[in-house]
Amino acid sequence: MTKSVFNKLVGLTLILGLLPSCGSKPNPEKEEAYLKAAEKIVADESFYPILDEELFYFNSQRLDTIGVEYMNEQDAVAKLMKQETWLAFTTRDFTAKEKKSLQDQKFLPRAIPIAYDGLSIIVNNSNPDTCITIKDFARVLRGEVTQWGEIYPSSKLGAIDVVFDNPLSSTVRWCVDSILGGKEFTNPNIGAVKTSAAVIDYVENHKNSLGIIGSNWLNDKRDTTNVTFKKNITVMGVSKLDSATKANSWKPYQYYLYNGNYPLRRTIYALLNDTRNGTPSAFAHYCQLPKGQMIILRSGLLPRTANMNVRQVIVNKE
């Protein structure tokens, strides 16, 4: 080895040895903040049935498990924007303002569609009217219709008692944006409880009520074909036409979400802001993988990417 070559090697070794001291020092506070935000994901309460099952199987395969906190959609997105979590499940994408705000902070926000669900309209089992048009549903939300008899002349139920899961939920926001074109509700008979389960209980016990919830709360878990809804309430058929009949109205079954017949279809998003590709990122992508999509399929929702096999099912009503 010549002297010149030896000097180059020594110089390279010295430079490499000095590099760590030139970089930024680890920030314990930032590290602690990241780990704390990575401990839990947040989600709109309406996704409880599906996300709990997804998390059960995901956590059973890993050492670095993750929890979930359910809340209304508005609070879930607020936590994500404040870096109190790195993953939120919602029924909307980032707004342009939210995306720009995160990008200005050197984040890389991503909206990952994982499934579709149906916004379901439910009524008491004693209500003989089980079909409604999109037009009449919008009229109810706008307050143009407040009595059952204004839609169904023979009805004796009186005022339409409309109930949502939460004033700040994804269900409310989706109805405002997609049904009313961004305009707020004006019907004085519209109220909210706290959870989707409470909506079902309310409708079961109030004959004149009309509830709005996500369809993954409705499936009878005893039926693996996902063609049976809960027996204690009635799921209304929804029609795109001006007059609703059983022939032109559809319920939020998977196949009708798939072929577009059911008009109140929503996309479920995983809003991800995890720059380190840690456990929150792993879970978001797990929901996209075949195992995660199969869980969604079994829940009665429509998977985003899984292959669909359509089969005819004969239901015995006896």
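Select Ile41 and Val68: Ile41 stands opposite Val68, which belongs to strand E2. The model on screen is predicted.

The structure holds 2 cavities of 30 Å³ or more, and the largest cavity has about 50 Å³ of space. To find the largest cavity, select its lining: Phe47, Ile50, Leu51, Glu54, Phe89, Ile114, Ala115, Ile268, Ile296 and Leu301. H3 and E4 are the elements that give two or more residues to this lining. H3 gives the most, with 3 residues.

Next, go to the largest nonpolar core, which has 32 residues; Phe137, Leu141, Phe164, Phe185, Leu210 and Leu264 touch the most other members. To see which elements give two or more residues to this core, colour strand E4 (110-123), helix H6 (134-142), helix H7 (148-151), strand E6 (161-164), helix H8 (170-179) and strand E8 (209-214). H8 gives the most to this core, with 5 residues.

Centre on Phe137. Leaving aside residues up to four places away in sequence, Phe137 touches Ile121, Ile132, Cys175, Ile179, Leu210, Ile212 and Leu264.

For the last stop, select Ile50, Phe58, Val68 and Ile112, which are among the 24 residues of another core, lying apart from the largest one.

How values were computed. Residues numbered from 1 in each chain as written. Predicted model: local features only at pLDDT ≥ 70, side-chain atom pairs only at ≥ 80, totals over all residues. Heavy atoms only, no water. Core = buried A, V, L, I, M, F, W, Y, C linked by side-chain atoms within 4.5 Å. Buried < 20%, exposed > 50% of the residue type's maximum accessible area, 1.4 Å probe, protein only. Helix = DSSP H or I, 4+ residues; strand = E, 2+ residues; numbered from the N terminus. Contact = heavy atoms within 4.5 Å. Pairing = 2+ DSSP bridges. 1 Å grid on protein atoms, 1.4 Å probe; cavity = no way out; pocket = protein on both sides within 12 Å on 5 of 7 lines; lining within 4 Å. Points joined across faces, edges and corners; volume = space filled by probe spheres on them.
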